[in-house]
Amino acid sequence: LEETVAHAYARAASAGTTVHTAIVSNLTVLGTRQMAFLRLYRPQLNVSLDGTAADHDPQRPFAAGPGSYSAVLKNLERLSREGMHPEAVQTTVTQRTVHRMPEIARHIMDLGITQISLHPMTVAGVMEPALHAQVPEASAYVDGLFDTFEQVYLPTWSETGVMPYLRYLALAYAYLLEPHRSYMCRSAPCGAR
């Protein structure tokens, strides 16, 4: 990633143009090298976070077993201290979390992030058959989006004048219209397989 971005910036500079980068990260590793990269290039950073620890940890465990929520929160706090706030949070909604979409959105907003994508887990590629049961029902997902607007976004807008931004709402609905996408990496709850 470092080499690719450095190459892109060098090519853009020689062509007299600019490059803007966007990175999606699970934010479980944020060492000295990653911080130096973020300081240098200031990419648009989108963080994968599936809600509270109870929502996130079962969907995004470390290979050794424990959930990654506390590591993500620690790294979000570190970024905040450095003045590098994530642009958005990307949440994968599963059958287990689909009925908690408003609470998940509220939790993310309480972390100071108002751009949220609530994407349903979808069937893609070579997906393990056991994971199919985790794909949320389309009607429950749509109801969850409307509930999130009614219970979280509209009240926030009324109280603060700030409308939270549900990123890629049209894309979220597109997932429902074309649920089997062999070219997308959404074969696991976190979309990483």
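This is a predicted model: local features need pLDDT of at least 70, side-chain atom pairs count only at pLDDT 80 or more; totals for chains, interfaces and linings use all residues.
Helix 5 and helix 6 form another crossing, at roughly 40°. That angle makes helix 5 oblique to helix 6.

**Helix 1 and helix 2**
- The crossing is left-handed.
- On the helix 1 side, the contact residues are E2, V5, A6 and Y9.
- They meet R33, F37 and Y41 in helix 2.

**Helix 6 on its own**
- Helix 6 runs over residues 138–160, with 23 residues.
- From first C-alpha to last, helix 6 reaches 31 Å, close to the 33 Å expected at 1.5 Å a residue.
- Helix 6 bends at F149, by about 35°.
- Its buried residues are A140, Y141, G144, L145, T148, V152, Y153 and T156.
- An α-helix has 3.6 residues a turn, so residues three or four places apart point the same way.

**Helix 5 against helix 6**
- Helix 5 spans residues 101–110, and its axis comes within 8 Å of the helix 6 axis.
- Helix 5 passes helix 6 in a right-handed crossing.
- Helix 5 contributes M101, P102, A105, R106 and M109 to the contact.
- Helix 6 meets them with Y141, G144, L145, D147, T148, Q151, V152, Y153 and T156.
- Among these helix 6 contact residues, Y141, G144 and L145 are also buried.

Technical notes: Residues are numbered from 1 along each chain as its sequence is written. Side-chain values use heavy atoms; hydrogens and water are left out. Helices (H or I, at least four residues) and strands (E, at least two) are DSSP runs, numbered from the N terminus. The expected span of a helix is 1.5 Å times one less than its number of residues. The bend at a residue is the angle between axes fitted to the seven residues ending there and the seven starting there. Buried means under 20% relative accessible area, exposed over 50%, partly exposed in between (1.4 Å probe, protein chains only). Axes are lines fitted to C-alpha atoms, for helices over the stretch in contact, and angles run from 0 to 180 degrees between N-to-C directions. Angles under 35 degrees count as roughly parallel, over 145 as roughly antiparallel, 65 to 115 as roughly perpendicular and the rest as oblique. A crossing is left-handed if the near helix is turned anticlockwise from the far one by less than a right angle, and right-handed if clockwise. Contact means heavy atoms within 4.5 Å.
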